Amino acid sequence: MSVVVTDLTYTYSRKTAYEKTALRGVNLRIETGEFVGIIGHTGSGKSTFIQHLNGLILPQSGSVQVLDIALTQKKCPKADLRRLRGSVGMVFQYPEYQLFAETVEKDVAFGPKNMGLSDDEVRSRTEEAIRLVGLDYDAIRAKAPFDLSGGQKRRVAIAGILAMRPQILVLDEPSAGLDPAGKEQILSLICKLKRECSPTVIVISHDIDEIVRVADRLVVFDRGGILYDEPMGSLFTHAAELRAAGLDIPRAVRIADALRERGVALEGDILHDGDLFAAILRRYQNAHGLPIDAEQAVERARALGIGRIAELAEDGV
């Protein structure tokens, strides 16, 4: 078990005129190896929640257990907090704004140095982390972080977390502010990191179309509590409730539902664009009895755009 949260409550500015309860009796369990997406409107409590996972905020009521470290309202020993922050890598929104050192290598090495590791181990981890995020270590190590592109800065910031070799990786809006190509690269990188170094991944995202492509399970926060905690395939049966909470359902789900209402039946579970393309390809094959090159068809579908694909599906093309 990676994370067990029990009856967690947190209020900012308690006993003042500005008092605001951010979390109300939150209960959540996250197993080792899960990829969990967290969604919710601004102010729903999701960012406050993840800050409890590496002790940036300590519980006021309830408890948080991460790996073998228990956090309660009592003061946590410094040794436990230090170990926790090495085990839970926290990547905040726009992490490139946290870069500060004069070179990429020094920036990535900052965390391992603070862990008290030897110089050889720090160098080894720094090089490994930079290569892991897809950057050329020899070409980039001596460059100033501020001379890099936006996407490169974000990779360097993530490398600084990976150099501490966390068992759990927590990312807050990891693709925010990036262009479509940059978003695709960051999503692919996160999936790679889950496979190769941090088995448990927790991602906060406002982009529902993005998160359904990678997460196994979605946790929906609303007004400081958990509204839904369900496997991806069943969550979007609650479309009306999600909209009432200021959220939306994925574009592919909306299109598939609209097509079904018009009598165009698409087979299988449809959560994201890839599922929708695959369902349309199956419909084409069933309608025409012709084999098609699936890879080429998906590329053509992406080029046409999802709105045009819906029109083709309705026409049975």
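Residues are numbered from 1 along each chain as its sequence is written, and side-chain values use heavy atoms, without hydrogens and water. Because the model is predicted, local features need pLDDT of at least 70 and side-chain atom pairs count only at pLDDT 80 or more, while totals for chains, interfaces and linings use all residues.

Helices (H or I, at least four residues) and strands (E, at least two) are DSSP runs numbered from the N terminus, and two strands pair if DSSP finds at least two bridges between them. Six strands form an open sheet with mixed pairing, in the order β6-β7-β8-β3-β9-β10. β6 (88-91) and β10 (225-231) are the edge strands; each has a single partner, so one side of each is left without a neighbour in the sheet. Neighbouring strands are turned by 15 degrees against each other on average, direction ignored; axes are lines fitted to C-alpha atoms, for helices over the stretch in contact, and angles run from 0 to 180 degrees between N-to-C directions.

Within the sheet, β3 (residues 35-39) and β8 (residues 200-204) run parallel and are joined by four bridges. Isoleucine 38 stands opposite isoleucine 204 in β8. Helix α6 (residues 150-162) packs on the sheet, touching β6 and β7 (168-172), and its direction makes about 165 degrees with that of β6. Contact here means heavy atoms within 4.5 Å.

On a 1 Å grid over the protein atoms alone, a cavity is a set of points where a 1.4 Å probe fits but cannot get out, and a pocket is an open set with protein on both sides within 12 Å along at least five of seven lines; lining residues have an atom within 4 Å of a point. A volume is the space filled by probe spheres set on the points, which are joined across faces, edges and corners.

Phe35, Pro174 and Glu210 are among the residues lining the largest cavity, and α7 (180-196) and α8 (208-211) each supply at least two.

The largest pocket has a volume of about 630 Å³. Of its 25 lining residues, Met90, Phe110, Gly111, Ile161 and Met164 lie nearest its centre. α2 (78-87), β6, α3 (104-114) and α6 each give two or more residues to this lining.

The second largest pocket, of about 380 Å³, is lined by 13 residues, with Glu184, Asp209, Arg213, Arg251 and Asp273 nearest its centre. α7 gives the largest share of that lining, four residues.
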